[in-house]
Amino acid sequence: MKRLLRSGKVFAAVAASAVLAFQAGAPASAEDVRARSAPPIDFQLPFTCGQQWRLDTWAHAPALDMVREPDQVGTEGAVLVAAADGVVNMSFSHANAGNVIQINHGGGYFTTHLHLQSRSVGVGTTVTQGQTIGRVGKTGPTSNGHPHLHFELGYDANGNGEASWGTSTAERVRPWFDGVEYGQSNGRTWRNVARDCGGTPPTSCSGVNLDFSAYATIRSGSSGDLVKAAQCRLKDSGNDPGALDGAFGPNVQTATRGFQADVGLGVDGIIGAKTWTALLSHGSTPTLQSGSSGADVSRLQRALTAALGSTVGIDGSFGPETEQAVRTYQSSRALGADGIAGPATWGALQDGK
Ligand SMILES: [Zn+2]
């Protein structure tokens, strides 16, 4: 429950609703193992371009509860769009779940949306990706009066032409958005997730150098480019440090404390190796291995540099040096040392281990 501390007053309500579960069913398992490979459909986060959302599994992985960043402002009434092309399979008001829309995307895949404020499509309507289907709300007693989107990706595992939803025993699987898997286990949070609407996603770090050969401990009174790098990563994590001015003042200290509480680290307002590791790795958790390339590889390389305390070349290219660094990290953290950065490795980095 550590990660609830900071925003306890607001997130506790969602947590309670999640713990209640939407219907009585088997208790949610600690680790949902119903992983599937990436769906053959390019699902996107079902919201308006430019918005960033926080995704939480609470106790109902792989289902996700979504609230808008920062601080949930604008969640209620936010426009909900289709995650992919499909045909509306359900659009009705449910006694527990409130307004529900389910879309059949073909190939056995269904998306189900609960607690909607309003529904703007009826059963049988053909929808295209990005088309408005309703608005986010808090309808139904299991929303606990807290505006959020409860989202499920369903897969028709038994081949009966539908995917059950709403319980831990339903045919729900881990959601994928823009090629990234979410919902791996209970108690997980993903910050500042946005729909890929083409172009470069907005980041506070554009133009800010994040690449250093070492990430020294910084604290109140520190200054320079390393502080600026920390500031933009704090901002991306939803903890606003104020101006990106390279000066570690009270706002940066408060943002650091907020981030530490979010990820379950000791809250001291000092950015040392563990906080650097969590801060630099923060974001999506794509599986990366030899041959991978791009911004996510650079993010991994930075986090490994901080975690290992030794320089890993930050070039966005997953070569032998990166693979060796991943193995070293995995074996020193009692993870299977396969040299592949998958969800467990990302999870450890994002926990500051
Ligand atoms: Zn939920």
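Before anything else, a cut-off for my notes: I call a residue buried when its relative accessible area is under 20%. I am also keeping in mind that this is a predicted model.

**Entry 1: strand 2.** I started with strand 2, residues 64-68, and found it mostly covered, since four of its five residues are buried. Then I looked up its neighbours. Strand 1 (residues 53-56) runs antiparallel to strand 2, and four bridges join the two.

**Entry 2: the zinc ion.** Which protein atoms are the donors of the zinc ion? I found His60 through NE2, Asp65 through OD and His150 through ND1, at 2.1 to 2.3 Å from the ion. Along the sequence these donor residues follow the spacing H-x4-D-x84-H. I checked the cover of two of them: aspartate 65 is buried, and histidine 60 is buried as well.

**Entry 3: asparagine 239.** Next I went to the loop between helix 2 (225-236) and helix 3 (250-263), where asparagine 239 sits. Is asparagine 239 buried or exposed? Its relative accessible area is 2%, so I list asparagine 239 as buried, the cut-off being under 20%. I then looked for side-chain partners. Serine 237 makes a polar contact of 2.9 Å with asparagine 239, side chain to side chain. A polar contact of 3.3 Å links the side chain of asparagine 239 to that of aspartate 262.

**Entry 4: threonine 328.** I found threonine 328 in helix 6, which covers residues 320-332. Why do I not list threonine 328 as buried? Its relative accessible area is 35%, so threonine 328 counts as partly exposed; that class lies between the 20% and 50% limits.

**Entry 5: the whole chain.** I finished with the totals. The protein chain has seven helices and 14 strands. Of its 353 residues, 53% are buried. The chain exposes about 14,100 Å², and 51% of that comes from carbon and sulfur atoms. For contacts between residues at least 6 apart in sequence, I noted that 60% join residues at least 24 apart.

Notes:
Residues are numbered from 1 along each chain as its sequence is written. This is a predicted model: local features need pLDDT of at least 70, side-chain atom pairs count only at pLDDT 80 or more; totals for chains, interfaces and linings use all residues. Side-chain values use heavy atoms; hydrogens and water are left out. Donors are N, O and S atoms within 2.8 Å of the metal (3.2 Å for Na, K and Ca); water is not among the atoms, so sites may look incomplete. Buried means under 20% relative accessible area, exposed over 50%, partly exposed in between (1.4 Å probe, protein chains only). Contact means heavy atoms within 4.5 Å. Accessible areas come from the Shrake-Rupley method with a 1.4 Å probe; for residues, only the protein chains shown count as cover. A polar contact is a pair of N or O atoms within 3.5 Å; within protein, one must be able to donate a hydrogen and the other to accept it, and residues adjacent in sequence count only if both atoms are side-chain atoms. Two strands pair if DSSP finds at least two bridges between them.
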